[in-house]
Amino acid sequence: MSDMQPTAPSFWNDTGKTGLTSWIFSTDHKRIGLLYFYTTISFFLVGVVLGLLLRIELMAPGRTIMGAQTYNALFTVHGVVMIFLFIIPGIPGAFGNMVMPIQVGARDVSFPRLNLLSWWLYIIGAVIILVSLFSGGGAPDTGWTFYVPFSSRTGTNVSLAVFGVFIVGFSSILTGVNFVTTIHRLRAEGMTWSRIPLFTWSLYATAWVQILATPILAITLVLVMAERVLGTGLFDPTRGGDPVMYQHLFWIYSHPAVYIMILPAMGIVSDIIPVFSRKPIFGYKMIAFSSLAIAAAGSLVWGHHMFTSGMSDTAVVVFSFLTFIVAIPSAIKVFNWISTLYKGSISLEAPMLFALSFILLFSIGGLSGLILGAAATDVHVHDTHFVVGHFHYVMFGGTGFAIFAAMHYWLPKFYGRRYKEKPAIVAWALMFTGFNILYFTMQVLGMKGMPRRYYDYLPEFGPLNLVATIGSWILAAGLILMLVNLFRGLFRGEPFDGNPWGGATLEWSVATPPPTENFEGEPVVTHGPYDFSGVKK
Amino acid sequence: MDQHQPHIVSNTKLIGIWLALLVLTALTVAITRVELGGYKVVGALTVACAKAGLVIAVFMHMKYEGVLLRWLLFLTLVTLAIFIGFTFFDVLYR
Amino acid sequence: MSGHEHRDDYGAKLGMWLFLFTELLLFGGLFLLYAVYLKRYPHEFASGGKQLNWVLGSINTVILLTSSLAAAMAVTSIQRGEARRTVALLGGTILCAGGFMVIKYVEWSAKFGHGIYPGSEHLKAGPPGESVFFSLYFLSTGIHGLHVVIGAILLGWIALKVRGGELNAGNNILLENGALYWHLVDLIWIFIFPLYYLIL
């Protein structure tokens, strides 16, 4: 990894240690961030391959390339890998670790060794999940939600997979504890709460969700294991248990977890848009506040995943109503981004294109979420491909594209080399096109009634499924081009020095790539994060 | 908040709190041995909350910490209350 | 690397509290299930609760409260620079933890002896709510017991550091945090005890 780096002293080489062990046992937040980046992106690629296989299977009715049991296992593993091993740790673990301490003017996070432990727990959990696929009764086939009663009865290796997710949960908690403490305690002089960059603000809100919601996932997974191993019967109706209670517990975590995935993505976009518009962000305080509001409101709405599960009608109405509240802070963000663009001096470079497509794709995903959040319309589209399209718009079109934006925006800073602009834009155009062909078609299919997680379907859904599958290939082509261009650039591209984007947050004031110590001496902050008046591009 | 002065709690005070906790334990056992119906639950939980309050305030030094930790603890307890309370929108009206 | 770290005791304590919050919510999930199933099976929970030994439960409560006192006094002692006394008090806490676990063992074996354990034939044959009650009882006290063991090991490790002089009047945040963890174990028990042994 390290031998191709520029020779100027930086965190790549300035401690004199460049071997593998100096990385996997490093407590430097930048190195841990890169470890997280490479591991999460690897699991992303695994998930992408599984997703492409699923799309090929669904290209035509009936069996195409795999059997029904394989299909069940593949969509389960696709979900588990993408959610627990990619999106949740993706931004906080990778870019949060790399950028946040520098953004607040700190030398490192509050607990560097816990930070390393967090990455190791992530790796251990991931290995356990991988082992579960090839041992015992084979890969879990329950869907990533592990719903009882099926998950407590299926012969596949659910117990081990659940245990792996349990371990990954601890890694997420440690990141959350670390970030809240760091943001409270290690801000540089002059880094007041109203000067904290919005990316860091979003990580702060995210960290609270990680702290308060993840333990509920932990206990839920313990209960599933107990159900399978000890026969506790807490969710077994024949023994007085209630399967719907499992869904409550699961979504008490997993709905807020959606905000662990999307909030930091919003933070990335909030940091990129003003830089490429050469204008201070519009409504800084409202964007910061809306991150906290989304985190808070997002913890009240888990019941909207259960409208058709046999929950009481009162609860359906209450949760449906509360769901609409989340739309308010989300819309505040979207309108503020748009207002930032207004009369800005916009340059459409790769990070900006990804950030702008985030706004569009997230809005489509968010609006289709309202259709699902309204109890009456949800009954029509529940458990159809409409839902699959919806959350891919939010998770992939939202978080995924924000991660791509962050990769183009921040990675050159940490490598001191950059990618080529033209291929990056072509890759973006391919991905954007393929993405919409794939997932918009899915939403249409769902409206027409095609159920999700079904191996086979009626012939009338055939043509649209073919279109969606072709979309997935365009998307994949764009993805390959983007990654090849990006990594070639990072290792062999043109030098990236100084502050080419003209960012005003602290990470652009330190050397490129940053030294292990980040700052020479203690930084003193004298201006806001989007005050571009003194910034030289 | 930045100046963290360690506050030394005297042994006398700690032992006093311990005695109070023992008295409350005896009280909670006593009231639940009497037939009070549903008030048993309320009574026992009230005593438990009082005991928890003493442990948090004195044994865990919360009384001597800055306002930040208190707010964060409050936030956590509110979150837990919401998780349990909102589930009852389903359980009570099923 | 550590040469550069400036100590931030308040930060360390903040981090510990955040971790304690996660523990509260972890047990919170079990309390949630307890509340829901108590609402659904009040009679079965009552008859299940009556089968628990409230005398042993009370003794264990007293033991844990005493262990918490010792832990709190250990913090006071180290702040006053009394290392030997600190170690002795921590030893007392660990001793209490041992006593607690022994009584727990006696209770559990008595239940096992009556054929009451998760998934047992006896519970399967009984009313559904009773099985739920005992499953929750074993899970809650089991996970709590695990925390008692972890806490005792943690405090033992800290006591060794106090004896070695690594922790002292000027540098004792580790002991403070260890004690905080121990108090949390106590706090959880303060709620488990009335909910399972007394209310019903």
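Predicted model: local features only at pLDDT ≥ 70, side-chain atom pairs only at ≥ 80, totals over all residues.
Residues are numbered from 1 along each chain as its sequence is written, while chains are lettered from A in the order in which they are written. Local features need pLDDT of at least 70, side-chain atom pairs count only at pLDDT 80 or more, and totals for chains, interfaces and linings use all residues.

**Exercise 1. Describe the overall build of chain A.**

Start with the secondary structure. Chain A has 15 helices and two strands. Helices (H or I, at least four residues) and strands (E, at least two) are DSSP runs, numbered from the N terminus. Next, take the extent: the C-alpha trace spans about 65 × 45 × 45 Å along its principal axes. Then count burial. Of the 537 residues, 59% are buried (20 or more other C-beta atoms within 10 Å of the residue's own, C-beta atoms being placed from the backbone).

**Exercise 2. How do helix 2 and helix 15 of chain A cross?**

Two packed helices are described by the angle between their axes and the distance between the axes. Helix 2 (residues 29–57) and helix 15 (residues 462–492) of chain A have axes that come within 9 Å and cross at roughly 155 degrees. Axes are lines fitted to C-alpha atoms over the stretch in contact, and angles run from 0 to 180 degrees between N-to-C directions. Helix 2 of chain A is therefore roughly antiparallel to helix 15 of chain A (angles over 145 degrees).

Now find the residues. Val48(A), Leu52(A), Arg55(A) and Ile56(A) of helix 2 meet Ala468(A), Thr469(A), Ser472(A), Ala476(A) and Leu479(A) of helix 15. Residues meet, or are in contact, if their C-beta atoms, placed from the backbone, lie within 7 Å.

**Exercise 3. Is Ile78(C) buried or exposed?**

Locate the residue: Ile78(C) is in helix 3 (residues 54–79) of chain C. Count its surroundings. Ile78(C) is buried, because 29 other C-beta atoms lie within 10 Å. Then list partners, leaving out residues up to four places away in sequence: Ile78(C) touches Thr86(C), Val162(C), Leu167(C), Ala169(C), Asn172(C) and Leu175(C).

**Exercise 4. Which helix of chain B gives the most to the side that touches chain C?**

Begin with the totals: 32 residues of chain B contact 33 residues of chain C. The elements giving two or more residues to this side of chain B are helix 1 (11–33), helix 2 (39–59) and helix 3 (67–91) of chain B. Helix 1 of chain B gives the most, with ten residues.

Definitions and conventions. Contact = placed C-beta atoms within 7 Å. Buried ≥ 20, exposed ≤ 12 C-beta atoms within 10 Å, placed from the backbone. Parallel < 35°, antiparallel > 145°, perpendicular 65-115°, else oblique.
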